[in-house]
Each structure stands twice: as structure tokens, then as C-alpha cells.
Amino acid sequence: FASLGYQISRFQSRNVIFDQQRTDKQADVAAGLVWRIDRAWLLKPQLTYTRNASNIDINGYSRYEASLTLRRDFK
């Protein structure tokens, strides 16, 4: 599976330290697999990249995340 996301945030109040109204643009990209081990168990590895660009530099960041989910369905 794969997913893409994009969000624009405009904050209403001004940052008193920087005397600016904050605006962020965030993009997310994720990809992963789902393996059905048997009828009740799923294994899901996933990689995600997030980039947040802000007009106030200390609020900008980028990060990579890796996760591994093991799921059991009870029926």
C-alpha cells in the first residue's frame, strides 16, 4: 500500500516572539506491505516520511518513521 497527504495550516494568532502569523505546509508519504501470516494474524511493516515547512523556522522539520505492526483478529 501507499499513501500521500498534504495539509496547509494557517494559525489565527500571531507568534509574539517572532511577530508573525504562523503558516505551515506539511507533506506525508507512506509505503508498506501487509502479510497475512494465517487466518488470524497480519504483519504490517511501514515506512513514512514527513516534511513540515513553516514560515517560522523553528517549527519546520522533516522525519522518517519505520513501524512494524503485528495484529491478531479474534472471531
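This is a short tour of a predicted model, with a note at each stop on what to select and what is there.

**Stop 1: the whole chain**

The protein has five strands and zero helices. Read from the N terminus, the order of elements is β-β-β-β-β.

Now turn the model and look at its outline. The C-alpha trace spans about 55 × 20 × 15 Å along the principal axes. How does the radius of gyration stand against that of a compact globule of 75 residues? The protein has 18 Å, while such a globule would have a value near 11 Å.

Of the 75 residues, 19% count as buried. If your viewer can list contacts, take those with a separation of 6 or more: residues 24 or more positions apart account for 41% of them.

**Stop 2**

Select residue 17. Ile 17 sits in the loop between strand S1 (2-15) and strand S2 (20-32). Is Ile 17 buried or exposed? Its relative accessibility is 72%, so Ile 17 counts as exposed.

**Stop 2: salt bridges**

Side chains of opposite charge can pair when their charged atoms come close. The protein has four salt bridges by the rule used here.

Select Arg 14 and Asp 19. Arg 14 is partly exposed at a relative accessible area of 48%, and Asp 19 counts as exposed at 53%.

Arg 22, with 23%, is partly exposed.

Then select Arg 71 and Asp 73. Arg 71 counts as partly exposed at 46% relative accessibility. Asp 73 is buried, with a relative accessible area of 17%.

**Stop 4**

A pair of aromatic rings is described by the distance of the centres and the angle of the planes. How many aromatic pairs does the count give? The count comes to one. Select Tyr 49 and Tyr 64 to see this pair: the ring centres are 4.7 Å apart, and the planes are at 40° to each other. The pair is classed as tilted, because its angle lies between the limits of 30 degrees for stacked and 60 for edge-to-face.

Colour strand S4 (residues 41-54) and strand S5 (residues 61-72). Tyr 49 lies in S4 and Tyr 64 in S5, so the pair ties together parts that are 15 residues apart in sequence.

Tyr 49 is partly exposed, at 28% relative accessibility. Tyr 64 counts as exposed, with a value of 69%.

Conventions
Residues are numbered from 1 along each chain as its sequence is written. This is a predicted model: local features need pLDDT of at least 70, side-chain atom pairs count only at pLDDT 80 or more; totals for chains, interfaces and linings use all residues. Side-chain values use heavy atoms; hydrogens and water are left out. Rings of Phe, Tyr and Trp (its six-membered ring) pair if their centres lie within 6.5 Å; planes under 30 degrees apart count as stacked, over 60 as edge-to-face and the rest as tilted. Helices (H or I, at least four residues) and strands (E, at least two) are DSSP runs, numbered from the N terminus. Buried means under 20% relative accessible area, exposed over 50%, partly exposed in between (1.4 Å probe, protein chains only). A salt bridge is a side-chain nitrogen of Lys or Arg within 4 Å of a carboxyl oxygen of Asp or Glu. The radius of gyration is taken over C-alpha atoms; the globule rule is 2.2 Å times the number of residues to the power 0.38. Contact means heavy atoms within 4.5 Å.
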